[in-house]
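Please open the structure in a viewer and keep the selection panel at hand.

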Amino acid sequence: MNRQIALRTRPGSKDYFCQRYHQGQLGTLLCAWRVYRISPLPRSREILRSRGCVSPKDFQQLLGELEQEVERRRRLGQESAARKALIASSYHPVRPDVYNSLKDVALAPEFLAAAEYSASPGADLEGLLQWLETVSEEKRIYRLPVFTAWFCQALLEELEHFEQSDMPKGRPNTMNNYGVLLHELGLDEPLVTPLRERFLQPLMALLYPDCGGGWLDSHRAFVVKYAPGQDRELGCHYDNAELTLNVALGKAFTGGALYFGDLFQAPSTLAKPLEVEHVVAQGILHRGGQLHGARPLGAGERWNLVVWLRASAVRNHLCPMCCRKPDLVDDEGFGDGFTREEPPTVDVCALT
C-alpha cells in the first residue's frame, strides 16, 4: 500500500512562524498558504491576517517562509530514512533484548487481559470498561497499565544509551526537541507494530469505533524527554492521529501532568482543564483531536512513549489537521498515514 503525506502539519509547533505570529498554529497557516496559493480568496487572507500578517510586505514574507517550510517537510522522509540506515549499520545497542519481537512478558497483566477480552467473541464496551480506569467519561479518556516495570527500565536504558551516542537524531515532532523517533532506532517492527496490531487494535475498536479504532493501519511512535535545561512543558495542541496512546516510562519526576480540554473542532475555554497525573508503566488513551498539553516539570526526568494511531479509512477523506480533503505526496514508510488505495470507510469521529 502506497503511503502518503499531506501538506498539512501539526499545530502548536514552537518554531519561528509561531513565535512571530503568536498563535502556535503552524498547521492552520500552512493550510491557509495552500488555499491562498491556489486562489487568493478573502477567507485565506483573513486567516493569515488573524495571525498578525497585515501589510503586503508581511504577506509576501510569510508566504515565502511557509513555502520554505513546505519544502523542508517534503524532505523529512528521505532525511529520516538516511538516519535510520546509518543507525542500523553503525549503532551498537546496550540492550539488544528490547529489539526482539514483542513478548507477553513485557506487557502488564492488566493490559494483556483487556486486549484478550476485547478480541473475544461477544466483547462489548461495557465489558471492556471493567478492565480500564475511566479518567473522563465525557472526554472518553482512559488509563491502564501497559508495560511491566522491568521492560520500562530496559527500554529507558537503551534510549539513554542512544541519546548519549554520536548517532544522528531526528526531532520527535515539531514541538518536542528531545527524544527519539522509534522507527529510526529500529523499534517500529519488533515493538510498536505488534503492539498496535495485536493489542491496541481490538481495544480501540471497542473504545472508539467512530474514530477508526477498528481500522488502525499505521502509526507514528516516538519517545519524548523532559528534563531541567531541556524541554520542561508542552503547549496546548492536538495530535496528527485519530487516536493516541501515551505511556510514562519513567524516570523519577514531579509535575508534568497532562491537561485536557475539548476536541479542537469545538474548542471551549481551558480555564478548568482536566488534569491527569502520569503513572510509570501506565498508558493514557485519548482521541487525537482532544486538545491537551503538559504542565511544567518540577524535578527529575520524565520519558514518555507516544504512539499516534492512524486509520487511513478516516484520514483519506478528512485531514485531521485542517478538516479538509488532503492533498497527498509520496513519502517513505507510513508517511502521515494516508493511502492512495481506498480502504473501507468509517464515519468521521463525532464531536461527542
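K251 is partly exposed, with a relative accessible area of 36%; buried denotes under 20% relative accessible area, exposed over 50%, and partly exposed in between (1.4 Å probe, protein chains only). This is a predicted model, in which local features need pLDDT of at least 70 and side-chain atom pairs count only at pLDDT 80 or more, whereas totals for chains, interfaces and linings use all residues. Residues are numbered from 1 along each chain as its sequence is written, and side-chain values use heavy atoms, with hydrogens and water left out.

Select E160 together with K251: their side chains form a salt bridge at 2.8 Å, N to O. A salt bridge here is a side-chain nitrogen of Lys or Arg within 4 Å of a carboxyl oxygen of Asp or Glu. The two residues are 91 residues apart, K251 lying in the loop between β7 (243–250) and β8 (253–255) and E160 in helix α7 (residues 149–164). Helices (H or I, at least four residues) and strands (E, at least two) are DSSP runs, numbered from the N terminus.

Next, select K225 and E163, whose closest N and O atoms are 2.8 Å apart in a salt bridge. This pair joins strand β5 (residues 218–226), which holds K225, to helix α7, which holds E163, across 62 residues. K225 is buried at 5% relative accessibility, while E163 is partly exposed at 28%.

Then move to R198 and D104, a salt bridge with closest N and O atoms 3.2 Å apart. R198 is in helix α9 (residues 188–207), and D104 is in the loop between α4 (56–90) and α5 (109–118).

Finally, select R95, D97 and E157, which a network of salt bridges links. The structure holds 15 salt bridges.
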